[in-house]
Amino acid sequence: MATVQAKSQVVHLSACPLCDDRRLKLLPAPPIGIGSEVFAPIADQIALNRCLGCHIVFINPRPSEQLLNAFYDRDGYDCHNPHFAANWSEGDLRARFSLLDSYSRGNELLLDVGAGAGHLLRYARRHGWLKVVGVEIGKVAREQLQKEGMTVHEDFDSASDLVGKVDAVTMIQSLEHMPAPQDVLRAIARSLRPEGVFLVEVPNADSLRARLATSFLRPLWTTNVERYLAFPIHLLYFNAHSLRKLLEQVGFKVLTLGTIGMGVEELRSRPAPSLADKTEQVANTEQPQNEKSNSARIPSGAKQAIKKLTSTLLLGEQLIAVCRKS
């Protein structure tokens, strides 16, 4: 396993967290990140690496778990705000549950890992799941959901009563935040019944958005180009190959893997703000609310054609996979 060396608020990895290869290439950090009020003291210490073995990109050195938790527990982190719904329209949730339902063989108990503000748990409860349970490290979000009467655990150690009992586990936009993803995935596998299913969704490092952001078309973007990286709270940047490799590495059989979302809603034919302007935009959310209004500018027929193409080519903004234990 990779050696981890912690120095105050920064963690140094000696090898790839996915394949343990020690051949790492230093990459330039994005010029703009999020959470500067928390991460400013270590801004000159954190960076990106690419593994020359499996080619996954990851943050190294990275913020300590204590510093990351401090960011997630802030009042301003909108992904933990129950009134913030930009990420979770009814259609978004319906699409994910439609995929889950096509593989799930039971609807008694659903576990959502990285429950955040609880939008998915509420949807599941409204749409036939008899019991919903969450795991959420963020104290503010967890306590809010518990006030609503939901069972939400801080970690898997406090959810040991779920082992072997869960029909379906969902983990949406959370795996990329995990300092020890293999440990979390193994805990998820232990929680599942033999025929249980696991739906996982992560940002796609090979998405059309990511490719445009590093191409000659970059000046056409009208908002933070590097926003999709969510640097430095996204610790891992998956593509289809690396996500499948990790899932199979910990004992899952991938039933389906594809992409959803275009990720080009912010692309408009007018000059992007200056770097000075963008530096002032300190995002507390990974999906700005203005993105939905921007998407309405694209004709529906063209949007559907782009969605179909990006999905076929695995260029969609989000990777999504459904698995069972091997």
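Colleague: In which loop does P61 lie?

Modeller: Please keep in mind that this is a predicted model. The peptide bond that leads from N60 to P61 is cis, with omega near -5°. As for its place in the chain, P61 lies in the loop between β5 and β6 (62–63).

Colleague: Where is P232 found?

Modeller: The peptide bond from F231 to P232 is cis, and its omega is near 10°. On the side of the secondary structure, P232 is found in the loop between α7 (208–213) and β12.

Colleague: In what order do the 4 strands of the open sheet stand?

Modeller: The edges of this sheet are taken by β3 (24–27) and β12 (236–237), each of which has a single partner strand, so one side of each is left without a neighbour in the sheet. Strand β5 (residues 57–59) pairs with β12 in the antiparallel sense over 2 bridges, and within this pairing F58 has L236 in β12 as its bridge partner. The pairing in the open sheet is antiparallel, and the order of the strands is β3-β4-β5-β12.

Colleague: How many bridges join strand β7 to β8?

Modeller: One of the contacts between these strands is seen at D112, whose bridge partner in β8 is G134. Strand β7 (residues 109–113) and β8 run parallel, and the number of bridges that join them is 5.

Colleague: Why is β8 described as largely enclosed by the rest of the structure?

Modeller: A residue counts as buried when its relative accessible area is under 20%. Strand β8 covers residues 131–135 and is largely enclosed because, of its 5 residues, the number that are buried is 4.

Colleague: Which handedness does the crossover from β8 to β9 have?

Modeller: The strands β8 and β9 (residues 151–153) pair in the parallel sense over 3 bridges, with V133 standing opposite T151 in β9. Between the two strands the chain passes through helix α5 (residues 139–147), and this β-α-β crossover is right-handed. The unit made by β7, α4 and β8 is likewise described as right-handed.

Colleague: Is R142 buried or exposed?

Modeller: R142 is found in helix α5, and its C-alpha is 8.8 Å from that of G118, a residue 24 positions away in sequence. The relative accessibility of R142 is 11%, which means that R142 counts as buried.

Colleague: Where on helix α3 do its buried residues fall?

Modeller: The buried residues of α3 are L93, R96, F97 and L100. Seen down the helix axis, these residues fall within an arc of 95°, so what they line is one face of the helix.

Colleague: How far apart are the end C-alpha atoms of α3?

Modeller: Helix α3 has 12 residues, and at 1.5 Å a residue they should span 16 Å. The distance in the model agrees with this expectation, since the end C-alpha atoms are apart by 16 Å.

Colleague: How many aromatic pairs does a search of the whole structure find, and which type is the one between F97 and Y123?

Modeller: The search finds 4 aromatic pairs. One of them is formed by F71 and Y72, which are edge-to-face at 5.7 Å centre to centre, with 75° between the planes; both of these residues are buried. In the pair of F97 and Y123 the centres are 5.0 Å apart and the planes stand at 35°, and this pair is tilted.

Colleague: Which helices does the pair of F97 and Y123 link?

Modeller: Both F97 and Y123 are buried. They lie 26 residues apart, so that the pair links distant parts of the chain, namely helix α3 (residues 90–101) and helix α4 (residues 119–126).

Colleague: How many disulfides does the count come to?

Modeller: A disulfide requires two cysteine sulfur atoms within 2.5 Å. The cysteine sulfur nearest to that of C19 belongs to C51 and is 3.5 Å away, and C19 is in no disulfide. By this rule, the count of disulfides comes to 0.

Colleague: In which loop does D20 lie?

Modeller: D20 has a positive phi of about 70° although it is not a glycine. At 32% relative accessibility, D20 counts as partly exposed. Its place is the loop between β2 (10–13) and β3.

Notes
Residues numbered from 1 in each chain as written. Predicted model: local features only at pLDDT ≥ 70, side-chain atom pairs only at ≥ 80, totals over all residues. Heavy atoms only, no water. Phe/Tyr/Trp six-rings, centres within 6.5 Å; stacked < 30°, edge-to-face > 60°. Buried < 20%, exposed > 50% of the residue type's maximum accessible area, 1.4 Å probe, protein only. Pairing = 2+ DSSP bridges. Right-handed = clockwise from strand over helix to strand, strands pointing away. Expected span 1.5 Å × (residues − 1). Arc of directions from axis to C-beta.
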